[in-house]
Amino acid sequence: MADLARQIDDLWERRDELSPADGDANALVTEAVDLLDRGEARVAEVVDDADGEAGGYGTVVVHEWLKKAILLLFRLREMETTAAGPFEYHDKIPLKTDFAGAGVRVVPGASVRYGAFVEAGAILMPSYVNIGARVGSGTMVDTWATVATCAQIGRNVHLSGGVGIGGVLEPPQAAPVIIEDDAFIGSRSMVTEGARVGRGSMLGAGVILNPSIPVIDSETGEEVSRGVVPPGCLVINATRPKEYPGGTFGIACCLIIRRFAEGERHDKAALNDILRESGVAT
């Protein structure tokens with residue numbers, strides 16, 4: 001794999017010279033994207049690191065050469081028309097097939113692009129998973145949810161209806177969105193621009209999380225991060241006041257209203273009870 005990575009880096013350096021007629025380059029890039037498609041490689045991963053960038057619970061490592069391979073694939077592939085039942089598509093990247101063989105339940109209306117990996121045991125309601133993304137076993141991608149380019153979704157995650165997981169493809173060194181194992185993302189929430197949700201955390205409905213959004217602890221009032229929800233937290237959408245010449249306005253933030261005990265598994269069915277206890281819901 002190291003040799004392939006070096007070859008992809010070499011192609012990247014002369015990318016302006018490449019065209020779909022470059023058969024050797026196309027073969028190398030396809031070999032790299034095939035690794036993503038089969039789940040044998042991934043665009044990014046969390047590496048345990050006590051001194052990590054996110055409060056001591058791991059550092060995100062991005063494998064830039066794989067993102068470069070995806071970008072090169074778009075340059076080297078030509079447009080093709082394909083059909084899936086009564087539907088016609090015209091694109092450079094085909095859709096994945098053989099979900100039965102992969103052990104994935106796919107409800108009509110769901111689609112997954114080549115170069116994404118969906119692990120056995122995942123469930124896709126009518127939804128979309130883009131190239132470079134990874135979806136773990138036991139995860140449900142619910143109705144009209146989107147998992148965009150290179151997003152990394154862990155195991156036993158629930159992406160509720162209408163959730164938008166943003167894509168990050170360029171620049172190659174930029175970290176994608178990462179949703180860690182056992183997380184719950186509430187309906188219509190948006191997690192974008194390389195934001196991260198820690199293991200076992202829950203986002204309430206309509207939460208907007210990106211690297212410009214402060215995450216604040218309701219117990220202390222302190223900002224704990226920007227765009228990163230620590231493990232084992234329940235987070236809701238909130239605002240904080242900010243003075244401007246024209247008056248006082250509420251600026252978006254994410255508010256941690258509960259921290260789960262270590263090893264405690266949140267109960268999604270009890271979410272409303274927790275919100276009522278916190279005075280958020282009635």
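1. A quick word on terms before we start: strands here are DSSP runs (E) of at least two residues, numbered from the N terminus. With that in hand, Ser127 is found in the loop between strand 8 (123-124) and strand 9. Please keep in mind that this is a predicted model.

2. Is Ser127 buried or exposed? Its relative accessible area is 5%, under the 20% cut-off, so Ser127 counts as buried. The Ser127 side chain reaches the backbone oxygen of Met125 at 2.6 Å. Setting aside neighbours within four places in sequence, Ser127 is in contact with Gly109, Ala110, Ser111, Val141, Asp142 and Ala145.

3. Asn130 sits in the loop that runs between strand 9 (128-129) and strand 10 (134-135). Asn130 is also a buried residue, at a relative accessible area of 11%. Which side chain does the side chain of Asn130 meet in a polar contact? That partner is Arg113, at 3.0 Å. Arg113 is also among the residues that Asn130 touches, together with Ala116, Val147, Ala148 and Thr149, when residues up to four places away in sequence are not counted.

4. Turning to helix 2 (residues 23-37): its 15 residues reach 20 Å from first C-alpha to last, close to the 21 Å expected at 1.5 Å a residue. Just after helix 2, Gly39 takes a positive phi of about 80 degrees.

5. The buried residues of helix 2 include Ala25, Leu28, Val29, Ala32, Val33, Leu35 and Leu36, and also Asn26, Thr30 and Asp37. What do these buried residues pack against? Their partners are helix 1 (2-13), helix 3 (64-76) and strand 7 (117-118).

How values were computed:
Residues are numbered from 1 along each chain as its sequence is written. This is a predicted model: local features need pLDDT of at least 70, side-chain atom pairs count only at pLDDT 80 or more; totals for chains, interfaces and linings use all residues. Side-chain values use heavy atoms; hydrogens and water are left out. Helices (H or I, at least four residues) and strands (E, at least two) are DSSP runs, numbered from the N terminus. Buried means under 20% relative accessible area, exposed over 50%, partly exposed in between (1.4 Å probe, protein chains only). A polar contact is a pair of N or O atoms within 3.5 Å; within protein, one must be able to donate a hydrogen and the other to accept it, and residues adjacent in sequence count only if both atoms are side-chain atoms. Contact means heavy atoms within 4.5 Å. The expected span of a helix is 1.5 Å times one less than its number of residues.
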